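Trainee: I have a chain to learn today. Can we go through it by question and answer?

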Amino acid sequence: MHLRELFDRSFKAARIGVWECSLPDQTLKWTDMVYEFFDLAPQTPLARDEIIKLYTPEARRQLSEVRDRAIRTGEGFALDAQIVTAKGNNRWIRITACVEFTGGNAARIFGVKQDITAEKTMMEQLRHLAERDILTGLTSRTRFETFFSEICGTGSHGTKALLLADLDGFKSVNDTLGHQAGDDCLKVAGRRLSRAVPEANMVARIGGDEFAVIHPCSSPEDLAKIAARVVKGMHWTIATPTRNIRIATSVGAAIIVPGQSPKDIFAKADHVLYEVKSGGKNGFRIAPSSRPVVEGPQATLLKEGNYLTVGRL
């Protein structure tokens, strides 16, 4: 009796319940903990067809697949499944199952269910922290590098471009107003950049005051228009009691050519960004492409050698 009580308490502490389903009549039997997972009162009559409806569509599909295979082969399974309980609560349960055969036929399938909602929530939070820049909420450098490599490896989703943006005047904010004001400046920059490129595939913060954008692009001229929007959108003034600090942005851009290494494409965009910074800042340049540059009607776009650049603001 003592061991049974200890067993029950241990399962309850670990939020584990026991279940079984007889075959072929599909009769379910649960311990009280499983009822709790589904927000059902203990001893509520169970109809498997109704219980299955509490699983999300993807979880139903996965459960059907592994369950059918287990009954067919006799091999057990483990599955993490998402449910929406009878009270509308989202929950994750880990299902572990074994199959019992009698006379060569599957007689019942049984096992344990464990509430892993807290584990899934924690893992999602960790994933979010890994993929998002904590300060600005933009994509993190780690996630950007993964996505950028994927984009460079395929040309099946249309032409895209890489834009690198670097703030002009950010050092003055830190030196004059302190790091808290610098953090606020970066948050504003992130919001302004996102507004400037609403159709971007990704907007990321990849360094202190360095940002990267991956954006659909039909031509060098199209890319020039996108870069011009970034320069215009990321230009504002921070007023202080003693002086006004002008924030501007330099942009270097390159069309992503499938097959070229991410390192080479990034280097091309970074090189022309350096050219903008060296040439007076507050503008953009586009790295030379194998495609011909189509001249546009905008008077501010000037062809300079192998680059397109925008007039200074």
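Trainee: In which strand is the place of Arg91?
Mentor: Strands (E, at least two residues) and helices (H or I, at least four) are DSSP runs, numbered from the N terminus. This is a predicted model, where local features need pLDDT of at least 70, side-chain atom pairs count only at pLDDT 80 or more, and totals for chains, interfaces and linings use all residues. Residues are numbered from 1 along each chain as its sequence is written, and side-chain values use heavy atoms, with hydrogens and water left out. Arg91 has its place in residues 90-102, strand β4.

Trainee: Is Arg91 buried or exposed?
Mentor: Buried means under 20% relative accessible area, exposed over 50%, and partly exposed in between (1.4 Å probe, protein chains only). Arg91 has a relative accessible area of 14%, so Arg91 is buried.

Trainee: Which residue has its backbone oxygen 3.2 Å from a polar atom of the side chain of Arg91?
Mentor: Contact means heavy atoms within 4.5 Å. Leaving aside neighbours within four places in sequence, Arg91 has contacts that include Phe37, Asp39, Ile83 and Asp115. The backbone oxygen at 3.2 Å from the side chain's polar atom belongs to Glu36.

Trainee: In what order do the five strands form the open sheet?
Mentor: Two strands pair if DSSP finds at least two bridges between them. Strands of a sheet pair through backbone hydrogen bonds, either parallel or antiparallel. Here the pairing is antiparallel, and the order is β2-β1-β5-β4-β3.

Trainee: Which strands stand at the edges?
Mentor: Look for strands with a single partner strand. One side of each is then left without a neighbour in the sheet, so the edges are β2 (28-30) and β3 (77-84).

Trainee: By how many degrees are neighbouring strands of this sheet turned against each other on average?
Mentor: Axes are lines fitted to C-alpha atoms, for helices over the stretch in contact, and angles run from 0 to 180 degrees between N-to-C directions. For this sheet's average, direction is ignored. The turn is 25 degrees.

Trainee: How many bridges join β1 to β5?
Mentor: Strand β1 covers residues 16-22, and strand β5 covers residues 105-115.

Trainee: How many residues lie between β1 and β2 in their hairpin?
Mentor: These strands run antiparallel, joined by three bridges. Glu20 in the pair stands opposite Lys29 in β2. In the turn, Gln26 has a positive phi of about 65 degrees. The residues between the strands number five.

Trainee: In which helix does Phe266 lie?
Mentor: Leaving aside neighbours within four places in sequence, Phe266 is in contact with residues including Phe144 and Ile206. Phe266 lies within residues 262-278, helix α10.

Trainee: Over which residues does pLDDT stay under 50?
Mentor: pLDDT is the predictor's confidence in each residue, from 0 to 100. The chain's mean is 87, and 88% of its residues reach 70 or more. Where pLDDT is low, the predicted coordinates should not be read in detail. The stretch under 50 is residues 291-307.

How values were computed. Polar contact = N/O pair within 3.5 Å; in protein donor to acceptor, adjacent residues only side chain to side chain.
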